[in-house]
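Please consult the sequence and the structure shown below while reading.

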Amino acid sequence: PVNFKKLIPLIAVAAVLILVVTAVCIFFGNPTTQLARAFLKSGKAFASAAESTGLTDLEDVFDRTDSSQYLSVSLEEMDGYRELEGLGILLNHDVSMSDRKIGTTLTAFYGSSDLLSIHAKFDNDQFLLGSPQLTEDTFYMISTTALGDVFSELLEIDELSGVSFNIFDLYKQALKLTEGNEEAREAVIEAGKALLKAVEVKKGKRDTVDVNGTDLSCSTYRVRIRKTAVRDFLNALEDALQAMDSTDATLELLSSAGFPAEILDEAKYILEDSQFQLGEIFDALRDTADELGNIDLDVYVNKGYVVAVVYEFEVNDVEAELVLSIGGGKNYVDDLSLRLTTEYGEMLLTSQGNHTGKGGVFTNDTILTLKDDYSKETLFQMALSYKPDAKDDNFSLQLELDGVEISLEGLLSCGRDSFHLRLDEVEVDDIVTFRVEYRFEAYTGDNIPVADTVDVANLSILELSQIVTELYKNATTWASGLTQEFPDLIYAFS
């Protein structure tokens, strides 16, 4: 029998090729204008559905260089461990590249009490670290431009004596590493155009096809992508990605920061290995293209929309059929399915629901099943509901994977410069329940006030030893206080 897991790479390649044809038709035109218009109309339908969710601006939101993030995760219920309920962790992260400030606070809490907070902060070239419980009002500071002196004089690591950098200057230099990416993107576009010229399209007779349970009368098109064209496209794509290789620039960046040859050699090995693995991936894709041969797709169009794409192929002497079906219901984008069939069985992915958001609610039910002559197994199941205009409790998601059921309920909202997700209940198999909240928004300012600082670079070995002793004393006092204030919690971890 065929191992469907081994077919997944081939499915991926076939799906990508289908998408390539779609993208080529939409962005570069098509020898058959009717088919090009069908792909374009179908693409617009899905773009319109996505836009109506209000979540299409997420890329712009998360692309901000000045931002504040908040993440809170707490344990609400847990069978057999009630003493742990209320335990959680809180992360605040503020970044302003324009003000040259980065601040992060990590807090462990229990109910309304903070157990331990750690503050870390970059202020231009200064790095500061402190904790109310361990260092009280004092922050220990070191200039990143003086790290080499600390390594050599205090820690006696002479190999790192040259380390000196400003993290914000490094960020600006790192941005320059992507400046050549535009040429690579242009190369990819040119490769797509070349693939377009090799695509052959012939219009066939009208035919009736089953689209997600509905028989539709369709115009038919045979699309052929020759094997040589696929290989040429993969070669051009690989060349474009290889041109984006930033190994030399990254090594130059690390060298300018004063890192020693040993670290540069290790970084070079890691970067070159990633490029080698990229080459192996494309070798595997070319082998797959050779095995599949010419790609022949049957495309079905109904009322101006692409409603089905059928790809028949052979792998390991086993004949297979991959069918993408779109529509068939009341609204075109509401019903989708991807079916892989061989003589040994069938794998089916379906996605159905109110994908247009009509009536103010988006719904989606996605199921992945595997069946043969003897059994049928559900590998994955998801049910989603989202009401963009609701002010509260507008989001729910149920997942079932490998026998584990996960349920999420709460609020999801996205503004022009913010994203907010609050899950009041994240339930796993009716055993444990979490509360999760995440916010991404415009920079709210420097939220870590610093009263007193100690420059580590100016300390002697004796003074540094005294600080270590003081930290140990504070940690002991802190741990003792936790034991007295929260005995049940400490007992649960013992």
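Which residue in β18 is the bridge partner of Ser-396? The partner is Glu-409. The model from which this pairing is computed is a predicted one.

Strand β17, residues 395-401, runs antiparallel to strand β18, residues 404-414, and seven bridges join the two. They form a hairpin with two residues between the strands, in which Asp-402 adopts a positive phi near 55 degrees.

Strand β18 is also joined to strand β19, residues 419-428, by nine bridges, again in an antiparallel arrangement. Within this pair, Leu-411 stands opposite Arg-422 of β19. Four residues lie between β18 and β19, which form a hairpin.

## Helix α7

Helix α7 spans residues 227-243, a run of 17 residues. From its first C-alpha to its last it reaches 24 Å, close to the expected 24 Å. Several of its residues are buried, among them Ala-229, Val-230, Phe-233 and Leu-234. Glu-238 and Ala-240 of α7 are buried as well.

## Nonpolar cores

The largest nonpolar core comprises 45 residues, and those with the most contacts inside it are Leu-35, Val-299, Val-306 and Phe-313. Strand β11, residues 305-315, supplies the largest share of this core, eight residues. A second, separate core has 14 residues, including Phe-362, Leu-408, Tyr-438 and Phe-440.

Leaving aside residues up to four places away in sequence, Val-306 touches Ala-38, Phe-39, Ser-42, Val-299, Tyr-300, Val-301, Ile-326 and Tyr-332.

Notes:
Residues are numbered from 1 along each chain as its sequence is written. This is a predicted model: local features need pLDDT of at least 70, side-chain atom pairs count only at pLDDT 80 or more; totals for chains, interfaces and linings use all residues. Side-chain values use heavy atoms; hydrogens and water are left out. Two strands pair if DSSP finds at least two bridges between them. The expected span of a helix is 1.5 Å times one less than its number of residues. Buried means under 20% relative accessible area, exposed over 50%, partly exposed in between (1.4 Å probe, protein chains only). A nonpolar core is a set of buried Ala, Val, Leu, Ile, Met, Phe, Trp, Tyr and Cys residues joined through side-chain atoms within 4.5 Å. Contact means heavy atoms within 4.5 Å.
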